[in-house]
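Visitor: I'm new to reading protein structures. Could you walk me through one, feature by feature?

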Amino acid sequence: MKTLLSGKLTKLLTPSVIRYGLLLLLTVQNTATVLCMRASMINASATNQKYVVSTLVLTMETIKVVILLALIVIVESSCSLRKAMTLLYDEIVCRPYDTLPLAVPSFLYVVQDNLIVYALSCVDATTYQVTYQLRILTTAIFARMLLNKIIPVKRWLSLVLLMLGVILTQVHFSKDSGIFSFRTGKEGPAYVLGLVSILCATLTSGFAGVYNEKLIKNGQQPLLLIRSIQLSLFCLFFAFLGVLLKDGRLVNTQGYFYGYSPLVWLVAAMQAVGGIIVAGTMKYADNILKTFATSISIVMSCIFSYYLLGDDNLTATFIVGTAAILFATYLYSVATVQTAKPAEPIKS
């Protein structure tokens with residue numbers, strides 16, 4: 001009976017079903033996590049019970065490690081928890097030269113998560129979603145520098161359009177004065193700090209992603225789950241250091257879970273699952289499909305943020321800028337990339 005059910009499940013879970021299922025999950029997770037995180041910040045400010053950002057990041061990483069360990073045991077049906085730990089020991093501790101370089105992207109991912117949570121305490125969900133697309137630009141620049149990738153003209157044009165779109169989203173038209181101005185002057189210093197945090201997050205995201213890709217190309221590849229847990233264990237370590245060094249006194253005074261509402265726990269769980277979904281899409285989905293998932297997520301965030309969270313940023317310039325960002329993202333994904341060939345030695 002068990003074999004029969006396993007056979008039917010294998011037939012149902014075709015690569016196409018897995019691909020589009022993961023993309024659907026990624027779209028829903030991206031949209032829901034950003035909206036819930038923003039809502040949790042609004043609720044925390046209203047009740048004057050703000051949770052510590054670094055503890056949320058550590059909680060997310062802890063949940064992610066637990067889920068990955070469970071997946072290893074489930075995927076390897078003949079693998080007990082003891083065998084799973086032995087497998088991890090062989091892949092992580094016994095291969096330090098392959099494992100230690102992952103500390104660099106892991107550290108950057110932890111910094112990125114802290115920046116994102118802080119940014120969503122300063123800006124609305126829609127502004128975060130569209131501005132964060134600048135990570136495409138930073139990824140392209142780091143790919144050219146670290147991987148020697150040749151960026152086609154179409155991609156450079158799409159990056160210019162992307163930057164123009166982001167600038168447009170930050171432009172506000174005043175009906176009273178009849179002039180255009182940047183929203184940074186209207187919103188105040190907290191909004192500016194939120195935008196700076198997003199820009200820094202795009203830098204860490206771009207560099208970490210390209211650096212990780214370089215490690216993948218230069219080294220021997222373990223299983224996807226093993227690579228994910230290698231990254232997550234380093235993230236867990238750096239997140240713990242962040243709590244200890246940055247907010248140790250505050251956590252000791254008010255408690256680790258101070259300000260944690262059911263919504264905050266939901267955010268932590270969704271963000272942890274999101275990291276695993278992203279790892280799955282890297283294996284099963286291509287770049288164009290992931291771009292569509294991102295675009296749909298941005299549109300859904302705009303709609304739900306406007307109606308559920310009361311964000312009033314859906315101006316004409318914001319809508320045009322968002323459309324330009326979506327179009328630029330699509331153009332970037334369909335353009336092909338080549339890797340520069342090393343110069344041939346001169347023949348005598």
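Predicted model: local features only at pLDDT ≥ 70, side-chain atom pairs only at ≥ 80, totals over all residues.

Visitor: Where does α8 sit in the overall chain?

Guide: The chain holds 15 helices and 4 strands, and buried residues make up 43% of its 348 residues. Among contacts with a separation of 6 or more, 85% join residues 24 or more positions apart. Helix α8 itself covers residues 135-146.

Visitor: Which residues in α8 are buried?

Guide: They are Ile136, Leu137, Thr138, Ala140, Phe142 and Ala143. These buried residues pack against β1 (149-150), α9, α11 (189-218) and α15 (316-334).

Visitor: How do I describe two helices that pack together?

Guide: In general, you give the angle between their axes and the distance between the axes. Here, α8 packs with α9 (residues 153-169) at an angle of about 145°, and their axes are 9 Å apart. The crossing of α8 past α9 is left-handed.

Visitor: Which residues of α8 and α9 meet there?

Guide: From α8 come Ile136, Leu137 and Ala140, and from α9 come Leu159, Leu162 and Met163. Sorted by type, the residues of this contact are 6 nonpolar, no polar and no charged.

Visitor: Now a residue from α11. Why does Ser205 count as buried?

Guide: Look at its relative accessibility. The cut-off for buried is under 20%, and Ser205 counts as buried because its value is 14%. Ser205 is found in helix α11. Leaving aside neighbours within four places in sequence, Ser205 is in contact with Gln112, Tyr132 and Arg135.

Visitor: Which residues does the UniProt annotation "transmembrane region" cover?

Guide: According to the unreviewed UniProt entry, that annotation covers residues 20-40, 52-75, 153-171, 191-212, 224-245, 257-279, 291-309 and 315-337. You can then compare an annotated span with the model. Residues 20-40 are 100% helix and 0% strand, with end C-alpha atoms 30 Å apart. For residues 153-171, the span is 89% helix and 5% strand, and the end C-alpha atoms lie 27 Å apart.

Notes
Residues numbered from 1 in each chain as written. Heavy atoms only, no water. Axes fitted to C-alpha atoms, helices over the stretch in contact; angles between N-to-C directions. Helix = DSSP H or I, 4+ residues; strand = E, 2+ residues; numbered from the N terminus. Left-handed = near helix turned anticlockwise from the far one by under 90°. Contact = heavy atoms within 4.5 Å. Nonpolar A, V, L, I, M, F, W, Y, C, P; charged D, E, K, R; others polar. Buried < 20%, exposed > 50% of the residue type's maximum accessible area, 1.4 Å probe, protein only. UniProt positions renumbered as here; feature names shortened; annotations may be inferred.
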